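Me: Can you walk me through this one? I'd like the sheet, then the helix packing.

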Amino acid sequence: RNLVSNSHDGMEKFNAKQQNSRVCILVALSGIFWFLIFYFHFTVLSSSTTTIQPEHISLDPIPSKFEHLSKDQSHSERLPTYQPLPHEESNAKHEAKNYPFLRALKTADNKSDKCGGRYIYVHDLPSRFNEDMLKECKSLNLWTNFCKFTTNAGLGPPLENVEGVFSNTGWYATNQFTVDVIFSNRMKQYECLTKDSSIAAAVFVPFYAGFDIARYLWGYNISVRDSASLALQDWLMKRPEWNVMGGRDHFLVGGRITWDFRRLTDLESDWGNKFLFLPAAKNMTMLVVESSPWNANDFAIPYPTYFTQLKMKTKWLFSFAGAPRPDNPKSIRGQLIDQCKQSSVCKLLECDFGESKCHSPSSIMQMFQSSLFCLQPQGDSYTRRSAFDSMLAGCIPVFFHPGSAYTQYTWHLPKNYSSYSVFIPEDDIRKKNVLIEERLKQISPDTVKTMRETVISLIPRLIYADPRSKLETLQDAFDVSVQAIIDKVTTLRKDIIAGHEDEDFIEENSWKYALLEEGQRTVGAHEWDPFFSKPKEAKNGESGSSSTEFAKKSWNNEQKNRS
């Protein structure tokens, strides 16, 4: 038994050793297996993922007022597509999809959609911001019943054709400050409206900003003047559409000069409201009939005016319709009137004496039609409606300040201003260095003919078509403005995705950016700098220098021109 027992114990010890060795082998194999898994994951897969490039959206920017290109790069050589760093590649595609406006950008890629990249979303504002003002149209002007000018979709009453200057139908006595309602009514006929804001190239705010301030400019405190502007800001900033770009894709129209919306202080005696200084308005784009050369949130669009056919032969070399400004020592109007009186080839309509024909549309247009050149000095501010009246009659404008047209209507007029106008610096008139008659006679007949043809070709871009009809082929002032806004917003969106920043942009030099030549990136000294020295604030704290005086004189002149 002892022998058997010893033998049995030996067998158990042998089996135990054998089992232990098997366990060790299994543990070793398991370790090798997991080592290979980790090696494959961190070495093979990791190296292969770094070679996979995510898809990138085409980010080629569209030229705009604020585009900056390098000195060696022209518009034909677009800025390169943004390429993320290696550590950003894994989430670059995901981040691109986070832009809420990406869907709107992609609509332009659909070539079968004629509205791709052109959709406009219109805010449905409470009626107090627009239609209610029309119902109270008698309060829109202190001195005259403005209701007649809001008829016919903002075109005003039909023109009487007593002198046969106009065609029999279709022409209206349009007031120069009714572009708010004209533009909004044209927008209702825009072919690419959408109720889906996610595909909109831009967002329109149908606030009658010009009408709002016009009713409160005289005799109202700043709380009343600012009330609608503040209420609009509050309404907009609560909308989901606002959050897409913080309002930078929004635009609106204020059919007055910019100075009516730029009150610098909260003094009761200061002029206008502060709409364009509100945080919301600084992000939006406002279309006005005269913009500020020192600010980036407004752009100038043409004054509403009459449109007439060219029926008469020219018999005057040049003409001038206007009044002197004896209270303004810087005005050259007195010298222009004197030169015109002394010339046998100049037609003058003086506007400050009794029953003036200056308030008769037919008299004004008849004179412009019969003149080759029309003198257009500064009005009560930089610009004046007369410049557009004259061009619509086929008369070549003569400007004396670049702010009267060249730096204002950059969307609607050629950059090459000498192709359609004559420029004589104001100082040349003040110092009597130039006789206008002699200067104009130096221009050859062939050149005059070419300039006049250019002026006539510009007419469709300078008028607002009847909001109740549709231009099938030609683009009017509304179409040009809307497309410019779309281009501006599209460029901004692409630049946001690409990470392009206008870090060197100087807002006080805003007027210079639209004048840059192709390939230029930054602005510097300019020959027109003396014309745009920014006015200093008045000593009493008012924004009273020239900008406020511009606005006050413009408003006072409305009393003289009431009809």
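Reply: A definition to start: two strands pair if DSSP finds at least two bridges between them. Strands (E, at least two residues) and helices (H or I, at least four) are DSSP runs, numbered from the N terminus. This is a predicted model: local features need pLDDT of at least 70, side-chain atom pairs count only at pLDDT 80 or more, and totals for chains, interfaces and linings use all residues. Residues are numbered from 1 along each chain as its sequence is written, and side-chain values use heavy atoms, with hydrogens and water left out.

Me: Good. In what order do the strands of the open sheet run?

Reply: The order is 2-1-3-4-5-6. The sheet has six strands, with parallel pairing.

Me: And which are the edge strands?

Reply: Strand 2 (193–194) and strand 6 (298–300). Each pairs on one side only.

Me: How many bridges join strand 4 to strand 5?

Reply: Five, and the two strands run parallel. Strand 5 covers residues 285–290. There, leucine 287 is the bridge partner of valine 253. Strand 3 (residues 202–204) is joined to strand 4 by two bridges, also in parallel. Valine 203 has histidine 250 as its bridge partner in strand 4.

Me: Is strand 4 mostly covered or mostly open?

Reply: Mostly covered. Eight of its eight residues, 250–257, are buried. Buried means under 20% relative accessible area, exposed over 50%, partly exposed in between (1.4 Å probe, protein chains only).

Me: Which helix packs on the sheet?

Reply: Helix 16. It touches strand 1 (120–122), strand 3, strand 4, strand 5 and strand 6. Contact means heavy atoms within 4.5 Å. The direction of helix 16 makes about 140 degrees with that of strand 5. Axes are lines fitted to C-alpha atoms, for helices over the stretch in contact, and angles run from 0 to 180 degrees between N-to-C directions.

Me: Now helix 5. At what angle do its axis and that of helix 16 cross?

Reply: Roughly 75 degrees. The axes of helix 5 (residues 179–188) and helix 16 (residues 477–498) come within 11 Å. So helix 5 is roughly perpendicular to helix 16 (65 to 115 degrees; under 35 is roughly parallel, over 145 roughly antiparallel, the rest oblique).

Me: Which residues meet there?

Reply: From helix 5, Phe183, Arg186 and Met187. From helix 16, Phe478, Asp479, Ser481 and Val482.

Me: Switching to the whole chain: how many helices and strands?

Reply: The protein chain has 18 helices and 11 strands. It has 563 residues, and 51% of them count as buried.
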